[in-house]
Amino acid sequence: MAPKLPPHHPVEQSTSAVAGGNAAAHPEPPRGILRWLLTTNHKEIGSLYLIFSLIMFFIGGIFALVVRAELFQPGMSLIRPEFFNQMTTMHGLIMVFAAVMPAFTGLANWMIPLQIGAPDMALPRLNNFSFWLLPVAFILLLSTLLMPGGGPNFGWTFYAPLSTTYAPPSTTFFILSLHIAGISSILGAINIVATILNMRAPGMRMMDMPLFVWTWLITAFLLIAVMPVLAGVITMMLMDINFGTHFFNAAGGGDPVLFQHLFWFFGHPEVYIMILPAFGIVSAIIPTFARKPLFGYASMVYATASIAILSFLVWAHHMFVVGLPLAAELFFMYTTMLIAVPTGVKVFNWITTLFRGSISFEPPMLFALAFVVLFTIGGLSGVMLAIAPADFQYHDTYFVVAHFHYVLVPGAVFAIMAGVYYWLPKWTGHYPNVKLAQWHFWLSVVGVNLTFFPMHFSGLAGMPRRIPDYALQFADFNLVSSLGSFLFGASQLVFVAVVILCVRGGEKAPAKAWEGAVDLEWSVPSPAPLHTFETPPTFQRQQH
Amino acid sequence: MSGGSYYVPATSKWPVLGSVALGVMMVGTGMVLVHGRGALIMTVGLVGVLAVMALWFRDVVVESRQGLYDAQMDRSFRQGMAWFIFSEVMFFAAFFGTLFYIRVFALPWLDGEGAKGVAALLWPDFTASWPLMSPPDSSIPGPAQTFSPWQLPLVNTLILVLSSIPLTVAHEGLKEGARETTRNWLLATLALAVTFIIIQGVEYYEAYAHYGITLEAGIYGATFFLLTGFHGLHVIIGATILAVMFVRIQRGHFSSDNHFGFEASCWYWHFVDVVWVGLFIFVYVF
């Protein structure tokens with residue numbers, strides 16, 4: 001699939017946009033801070049999301065480094081165990097809800113209207129609301145760390161009764177902050193669905209959409225379907241804590257396992273929410289730098305949809321050791337392993353796209369290729385974990401930590417970085433500094449593997465997760481992990497440097513910044529003017 | 001996909017003010033729950049949220065009546081409302097799922113049935129039943145008795161199901177330009193809605209005063225109030241929306257072919273209606 005514009009079109013679009021024929025329709029935006037508080041422009045809101053997510057990525061990263069510093073050597077060396085628990089919990093919550101999800105939403109805001117030829121999101125004010133809820137939510141969440149009794153300390157999965165009967169008083173604030181973040185996600189997702197279904201350029205059919213748009217459409221559907229379930233389960237927690245109900249207390253006829261069912265009915269689609277847009281980004285970058293159309297466009301769409309549907313049927317694979325009936329163990333084991341099929345289709349298609357391509361290794365491509373290799377490692381350890389009898393051994397060990405960090409860090413986070421490097425020329429009008437980007441890439445790849453690969457071994461050897469101390473035989477693996485984590489953390493400073501330098505200057509990028517790029521966003525000038533596609537472009541389908 | 005140019009709404013101060021108001025409300029709520037003070041902060045936040053909603057919607061109404069919105073904008077609103085109702089459906093799905101899980105799995109297991117029957121060791125004397133009159137731990141009171149579905153709940157079911165009829169008549173009237181019809185039948189719908197809320201209030205009073213059904217009354221009380229409570233809240237929201245529609249009809253808003261605000265309120269009301277039917281069947285009857 002490679003929609004291509006008629007050759008004359010880019011010029012036409014750029015002149016009309018630059019000349020600002022519609023300037024009268026757009027009153028001068030307010031200046032200073034008000035401009036950012038009031039903006040309804042998808043590009044500005046996209047930038048706000050991305051900056052917010054980067055800040056939160058560093059805050060969550062510092063929490064992770066506190067954890068790794070404590071685990072640098074055996075024994076209780078730096079922090080109290082209670083604080084260690086708060087750090088693991090907050091690291092997870094911040095990275096999932098405040099770093100990875102907003103980063104993808106930011107990319108969606110910037111790129112979906114540009115990729116489908118729309119002037120903006122379908123509901124621009126709702127878009128502004130969705131963003132500004134996030135700082136409110138996460139300032140409230142971070143403030144729980146300073147409250148009496150400390151912040152959330154029960155892991156990012158906040159299993160009852162740890163998060164109800166035995167939770168610190170601040171848990172109520174944690175629940176309320178998560179409600180705000182959930183409202184933000186639902187409204188943002190509704191906006192994205194409405195945009196994609198309603199705002200496509202005339203002539204662009206669903207099966208002409210770039211895969212980033214497709215994957216986000218399906219992701220947004222997942223968000224609308226499962227964020228309300230999260231809202232429901234945290235409301236029940238709130239009632240157990242404050243109103244004397246017994247939802248998660250067997251003494252009153254409730255069931256703590258019910259919490260896990262509800263949480264993972266949200267939680268499993270949630271992990272696909274964090275990876276499907278990554279698939280879309282990689283599916284844009286690999287064809288561009290292999291200079292070939294994506295292999296198997298339709299199968300990519302169907303695979304994405306299959307993964308989304310299956311994601312509703314696999315939740316209890318997180319709960320194999322909680323004491324499920326045998327039939328449930330078998331059902332969830334087989335459905336989980338089925339997910340390997342559509343995921344395998346995707347990896348196959350990426351590799352086949354590369355096959356006999358004219359490949360070049362610009363920074364976005366480096367990250368995309370690393371994604372394919374390292375995400376696949378995470379996917380394969382996922383198949384190992386899916387095997388219920390084997391999971392009895394792996395459960396709650398560092399093997400699980402290794403697995404989900406491989407799919408989330410060199411998976412989701414690398415894809416976000418690949419996307420940022422890919423679209424920075426469109427956003428800023430400048431290419432990112434290649435030398436620095438290469439340093440960032442190689443330091444990150446080395447750091448990420450040093451951090452997470454040894455966790456496979458310590459986990460298989462039986463090291464439990466979420467414990468601040470460990471037996472001596474795990475010392476070497478943990479030493480390597482900790483050193484790797486500080487290398488990875490420090491190398492992200494290089495990323496910040498690249499982004500700042502790219503905003504301030506650098507080699508000028510033309511409208512079509514990458515030779516092999518084909519989608520609609522490359523038909524508008526670089527940097528993209530504040531208002532694009534004020535009149536719908538004519539979309540011309542490429543036969544394939 | 002429109003052929004002409006697009007309509008992009010102007011900037012607005014309401015979204016960011018709404019975020020702040022919601023944050024204030026949540027901080028106040030947390031303070032009330034955790035520290036037992038902060039009611040003023042919570043109230044200020046709540047009033048702020050409601051005010052922002054009213055003013056934001058007013059802007060949209062004004063812009064719509066100025067004819068600024070095109071067919072594409074109309075489709076975006078329809079998409080937005082439809083997906084919002086879908087998210088509400090999933091919210092209730094979590095609560096119905098809770099009810100089914102408790103009744104089908106959790107309680108029988110606590111009673112020693114099936115693969116997880118070992119849980120019976122916790123409270124050997126426990127007997128599973130629904131409604132659960134005596135929770136496993138004897139220190140937790142169960143309800144004294146439960147409501148007969150064929151009294152007030154049946155009346156409420158009839159009220160809510162039948163309220164769809166006047167609403168549909170009102171909608172048909174609007175489509176035919178018969179505004180009197182619309183106004184009168186909308187008023188009838190509102191009367192039914194208010195009656196439902198009053199009866200539900202009576203039932204809650206009875207539950208606490210005479211039936212021993214409280215939030216603390218084991219899992220039966222918890223699920224009863226979770227499902228009926230959130231449904232009741234949605235009825236109040238739906239009735240408020242219908243009341244706004246009544247005012248707008250009075251003021252001469254809407255035309256026979258352009259009245260999505262009215263249609264959206266009908267969608268929402270039907271959604272509330274359908275949830276109640278599920279509630280009546282699974283909370284009251286079976």
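Okay, let's start with a crossing: helices H9(A) and H15(A) cross in a left-handed way, meaning the near helix is turned anticlockwise from the far one by less than a right angle. Helices here are DSSP runs of H or I, at least four residues, numbered from the N terminus.

Quick housekeeping. This is a predicted model, where local features need pLDDT of at least 70 and side-chain atom pairs count only at pLDDT 80 or more, while totals for chains, interfaces and linings use all residues. Residues are numbered from 1 along each chain as its sequence is written, with chains lettered from A in the order in which they are written.

Back to our pair. The axes, lines fitted to C-alpha atoms over the stretch in contact, come within 9 Å and cross at roughly 45°.

Who meets whom? On the H9(A) side we have, among them, Val282(A) and Ile285(A), and on the H15(A) side, Ala415(A) and Ala418(A). Contact means C-beta atoms, placed from the backbone, within 7 Å.

Look at Ala418(A): among the residues that Ala418(A) touches are Ile281(A), Pro364(A) and Phe371(A), leaving out residues up to four places away in sequence.

Now the other chain. The contact takes 57 residues from chain B and 58 residues from chain A. On the chain B side, helices H1 (14–35), H3 (71–110) and H7 (218–250) each give two or more residues, and H3(B) gives the most, with 20 residues.

How values were computed:
Two residues are in contact if their C-beta atoms, placed from the backbone, lie within 7 Å. Axes are lines fitted to C-alpha atoms, for helices over the stretch in contact, and angles run from 0 to 180 degrees between N-to-C directions.
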